[in-house]
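Here's a quick walk through this model, from confidence to cores to individual helices. Have the sequence and the coordinates open as you read.

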Amino acid sequence: MANDNAELIRILNQALSAEYGTLYLLPRHIAEIQDEELKRQLHLIGEVELEHAEKTAQMIISLGGEPTGDLLNLRPRRNLKEILETHLQGEREAIDIYGRALAVCGDPAMRKQLEAIKMDEEGHQRLIQRTLDRVISAKA
Ligand SMILES: [Fe+2]
Ligand SMILES: [Fe+2]
């Protein structure tokens with residue numbers, strides 16, 4: 001059981017790092033973007049990611065772990081396509097991380113939380129993908 005927790009804690013700390021990485025980049029990217037609707041959508045995504053970070057930290061504590069963040073690759077991007085690609089990649093990573101957490105999490109209540117978070121990330125992925133498709137087709 002202790003080993004199970006150690007693996008889940010490790011994965012949840014990756015999730016925490018990914019959430020905080022996104023939270024660091026989002027305000028910088030929102031400041032770069034002109035489109036008011038996209039600014040609003042990214043702001044809403046940021047609010048959800050902050051909730052994810054707080055829930056994930058709580059899960060880590062409830063498992064007897066310590067929330068630790070390791071922020072890498074925080075370079076803000078400067079054009080809309082790169083900004084969207086960066087966040088699309090971030091959402092993909094988040095889906096992967098929460099999927100791996102679910103693969104080792106046995107606690108039903110925690111599983112419910114993780115599944116809800118993963119669904120949020122899938123919604124973000126779809127929204128950003130749609131926007132990126134529009135940006136690419138507008139340029140073509
Ligand atoms: Fe998230
Ligand atoms: Fe997300």
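## Model and confidence

This is a predicted model, in which local features need pLDDT of at least 70, side-chain atom pairs count only at pLDDT 80 or more, and totals for chains, interfaces and linings use all residues. Residues are numbered from 1 along each chain as its sequence is written, while chains are lettered from A and ligands numbered from 1 in the order in which they are written.

The protein chain averages a pLDDT (the predictor's confidence in each residue, from 0 to 100) of 94, and 97% of the residues score at least 70. Helices here are DSSP runs of H or I, at least four residues long, numbered from the N terminus.

## The cores

A nonpolar core is a set of buried Ala, Val, Leu, Ile, Met, Phe, Trp, Tyr and Cys residues joined through C-beta atoms within 7 Å. Buried means 20 or more other C-beta atoms within 10 Å of a residue's own, exposed means 12 or fewer, and partly exposed is in between, with C-beta atoms placed from the backbone.

The largest core has 19 residues, and Leu12, Ala15, Leu16, Ile97, Tyr98 and Ala101 touch the most other members. Helices H1 (2-32), H2 (36-62), H3 (80-104) and H4 (108-139) each give two or more residues to this core. H1 is the top contributor, with eight. A separate core of five residues includes Leu25, Leu26, Leu42 and Ile45.

Setting aside neighbours within four places in sequence, Ile97 is in contact (C-beta atoms, placed from the backbone, within 7 Å) with Ile11, Gln14, Ala15 and Ala18.

The buried residues of H2 include Leu38, Glu49, His52 and Ile60. After H2 comes Gly64, with a positive phi near 85°.

H4 has 32 residues and reaches 46 Å from first C-alpha to last, close to the 46 Å expected. Buried in H4 are Leu114, Ile117, Glu121, His124, Ile128 and Thr131. The buried residues of H4 pack against H2 and H3.

## A look at Glu32

Glu32 lies in helix H1. Glu32 counts as partly exposed because it has 14 C-beta neighbours inside 10 Å. Beyond neighbours within four places in sequence, Glu32 is in contact with Arg78 and Ile83. Glu32 and His52 are 20 residues apart in sequence and 24 Å apart in space, C-alpha to C-alpha.

Terms used: Contact = placed C-beta atoms within 7 Å. Expected span 1.5 Å × (residues − 1).
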